[in-house]
Amino acid sequence: MRTVIYPGSFDPITNGHLDVIRRAAKLFDRMVVAVAISESKHPLFNLRERFDLVARAVEDLPNVETDTFEGLLVEYVDKQAAQAVLRGLRAVSDFEFEFQLALMNRKLNDRFETIFMMPKDTYTFLSSSIVKEIARLGGDVSSFVPAHVRDALAEKFAAAAACV
Ligand code: ADP
């Protein structure tokens, strides 16, 4: 059983993440999309919300599970008996940070392998931050995220506007 972990903040999950998930799901027996607490990034959606948005987005993929994790990724990878960690590479700008992270994780655990996948070119410009900014300003994000994520963003910003 070959298992890959796809860790991230997923605040929220986008079509770019999903493109990478679909590609990698074909290569492994089992994939766990692991939603990180990421408190230092002050996420818009809480952990439970991010988990639910991911779980719904991958419900049609039978070998993909959703989970949450806190603490060291190397420990989580061991706990899941996974062979590799998946990360997405959009552009050269992602490379430096991802390279550093992969090597540091390997330092912490020599068996730790990181696999990088590139999304379809139309998703290389996509990030959760950009999607949140467009949604916050009332723009249409339907082509960037699944419909349930678009609705969750609209609800979140409507609630925020009501509080002002
Ligand atoms: P993190 O906080 O760990 O960077 P993200 O949710 O922002 O979490 O990203 C998780 C992973 O998905 C990272 O490897 C990131 O580079 C990748 N990723 C994010 N957006 C895209 C995209 N549009 N296409 C491909 N990979 C992406």
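**Around the ligand and an aromatic pair**

User: Which residue has a polar backbone atom 3.0 Å from a nitrogen atom of the ligand?
Analyst: This is a predicted model, where local features need pLDDT of at least 70, side-chain atom pairs count only at pLDDT 80 or more, and totals for chains, interfaces and linings use all residues. Numbering starts from 1 along each chain as its sequence is written, and side-chain values use heavy atoms, leaving out hydrogens and water. A polar contact is a pair of N or O atoms within 3.5 Å. For the ligand nitrogen at 3.0 Å, the residue is Tyr123.

User: What is the angle between the planes of Phe95 and Phe99?
Analyst: The structure holds four aromatic pairs, meaning ring centres within 6.5 Å. Phe95 and Phe99 form one of them, 5.2 Å centre to centre. This pair is stacked (planes under 30 degrees apart), and the angle is 25 degrees.

User: Why are Phe95 and Phe99 about one helical turn apart?
Analyst: Both belong to helix H4, residues 92-108, a helix being a DSSP run (H or I) of at least four residues. Phe95 at 41% and Phe99 at 43% relative accessibility are each partly exposed, between the limits of 20% and 50%. They are about one turn apart because their separation in H4 is four residues.

How values were computed. Rings of Phe, Tyr and Trp (its six-membered ring) pair if their centres lie within 6.5 Å; planes under 30 degrees apart count as stacked, over 60 as edge-to-face and the rest as tilted. Helices (H or I, at least four residues) and strands (E, at least two) are DSSP runs, numbered from the N terminus. Buried means under 20% relative accessible area, exposed over 50%, partly exposed in between (1.4 Å probe, protein chains only). A polar contact is a pair of N or O atoms within 3.5 Å; within protein, one must be able to donate a hydrogen and the other to accept it, and residues adjacent in sequence count only if both atoms are side-chain atoms.
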